Amino acid sequence: MKIEQFNFAGKKAIVRVDFNVPLDENGNITDDTRIRAALPTLKKILADGGAVIMMSHMGKPKGKVNPKLSLSQIVNKVSERLGVTVKFADDCANATEAAANLQMGEALLLENLRFYAEEEGKPVGIDKADPAFAEAKKEMKAKQIDFAKKLASYADVYVNDAFGTAHRRHASTAVIADYFDADSKMLGFLMEKEVTAIDNVLKNAQHPFTAIIGGSKVSSKLGVIKNLLDKVDNLIIGGGMGYTFIKAQGGHIGLSLHEDDLMPEALNVMAAAKEKGVNLSLSVATVAADKFDNNANRMVVPIDQIPDGWEGMDASEESLEVWKKIILESKTILWNGPVGVFEFENFAHGTGEIAKYVAQATQENGAYSLVGGGDSVAAVNKFGLADKVSYVSTGGGAMLEAIEGKVLPGVAAIKGE
């Protein structure tokens, strides 16, 4: 079922949202982007004359009640954004009465789903190596089904609008969908946009297609890189992961971040790129520092000649010049991960420039650009460029797994794939 065609009049809809928002030490929300992202779906349900029950996780309470991770702290903000007074059920697994009493046009927020280990469906307090683990896992999976059934019992319709957890088969993101027929379950507007954006890049890309993959570790992005080699024309590898590639070729990288055990894989990626005709572009020169500190001494050196005691911390102008040319000539751009130590002001320049090039290619040359991953999104927001790129993904891990070519359980549970 498509949400835009569905009429929620007289129906209670349970919506899995991603309200895992950052809080300060006093429980105040520091960034409500995720709440705002869910509003189109929530408002459509209410405007149609339906009632909405929202469920989400916050943080990692590991199946235990933790007041610091209680969703009671966000009720007022959700009420303010949604324009109705949101009711609160302080126990997500015992909200039958609260759900039953909900009138059309009203909204209810359930307490943090992860206060129950059943949400994630993983046994708590037992080691994987323990002989009893298999039995505990089986028992927990049975409990997870009961938990999902309970959540499903509150409503007539299920909507999944939490892309941030779409790559997890949890009670509220996938298992619950089994208890609604095909016409009573659907993706929310945010999920639909995310899935469409990824399809635009992976299935319907205009060429030249450039992927910019940054971040600290090759290990976390290896699957993504391998899947992209069959799709892209240009692959820019920046940030900490680039030094593994440089060292693998015999370069001198000083104290730069790298993963020795992945050097053979790095060489395999380079050979595969060559074989497939992909232009693999590594940084040519780096802004090196004599310690991992914003106020460290800096100097620009060739990427394969970083002196002992120094480490590469940001892409240099020379590298940025090469990358700018590639990006501005692209028709499809995927960007995930910074090309320097973005959290240090003095080493954030490269990542900021990439954000500007991606925006320029989108605005001036009509490229389709998808940006995802915490630091990339932060860079785009920092320079006020979020509305200058085609789409900013809200789910880092889910986006990476989709780009890796994996089926997302949260999407499959609804589409029946």
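## Questions on a predicted model

Q: Is Gln144 buried or exposed, judged by its relative accessibility?
A: In this predicted model, Gln144 has a relative accessibility of 4%. The cut-off for burial is under 20%. Gln144 therefore counts as buried.

Q: In which helix is Gln144 found, and with which residues is Gln144 in contact beyond its neighbours within four places in sequence?
A: Gln144 sits in helix α5, residues 133–153. Once neighbours within four places in sequence are set aside, its contacts are with Glu118, Glu119, Glu120, Gly121, Arg169, His170, Ala171 and Val175.

Q: What distance separates the end C-alpha atoms of helix α11, and why does it agree with the number of residues?
A: Helix α11 runs over residues 349–365, which makes 17 residues.

Q: Against which elements do the buried residues of α11 pack?
A: The buried residues of α11 include Gly350, Glu353, Tyr357 and Thr362. The buried set packs against β7 (209–213), β14 (311–315), α10 (317–328), β15 (332–336), β16 (368–372) and α12 (374–382).

Q: Where does Lys62 lie, is Lys62 buried or exposed, and what is its phi?
A: Lys62 is part of the loop between β2 (51–55) and α2 (75–82). With a relative accessible area of 53%, Lys62 is exposed. Most residues other than glycine have a negative phi. For Lys62 the value is positive, near 55°.

Q: Which loop holds Pro208, and what is omega for the peptide bond from His207 to Pro208?
A: Pro208 belongs to the loop between α6 (189–202) and β7. Most peptide bonds are trans. The bond from His207 to Pro208 is cis, with omega near 0°.

Q: What is the radius of gyration of the protein chain, and why does it agree with a compact globule?
A: The protein chain has 14 helices and 17 strands, and 54% of its 417 residues count as buried. A compact globule with 417 residues would have a radius of gyration near 22 Å. The chain agrees with that, because its own value is 23 Å.

Q: How many positive and negative side chains does the protein chain have, and what distance separates the centres of the two sets?
A: There are 46 positive and 55 negative side chains. The centres of these two sets are apart by 3 Å.

Conventions. Residues numbered from 1 in each chain as written. Predicted model: local features only at pLDDT ≥ 70, side-chain atom pairs only at ≥ 80, totals over all residues. Heavy atoms only, no water. Helix = DSSP H or I, 4+ residues; strand = E, 2+ residues; numbered from the N terminus. Rg over C-alpha atoms; globule rule 2.2 N^0.38 Å. Buried < 20%, exposed > 50% of the residue type's maximum accessible area, 1.4 Å probe, protein only. Lys, Arg positive; Asp, Glu negative; His and termini not counted. Charge placed at Lys NZ, Arg CZ, Asp CG, Glu CD. Expected span 1.5 Å × (residues − 1). Contact = heavy atoms within 4.5 Å.
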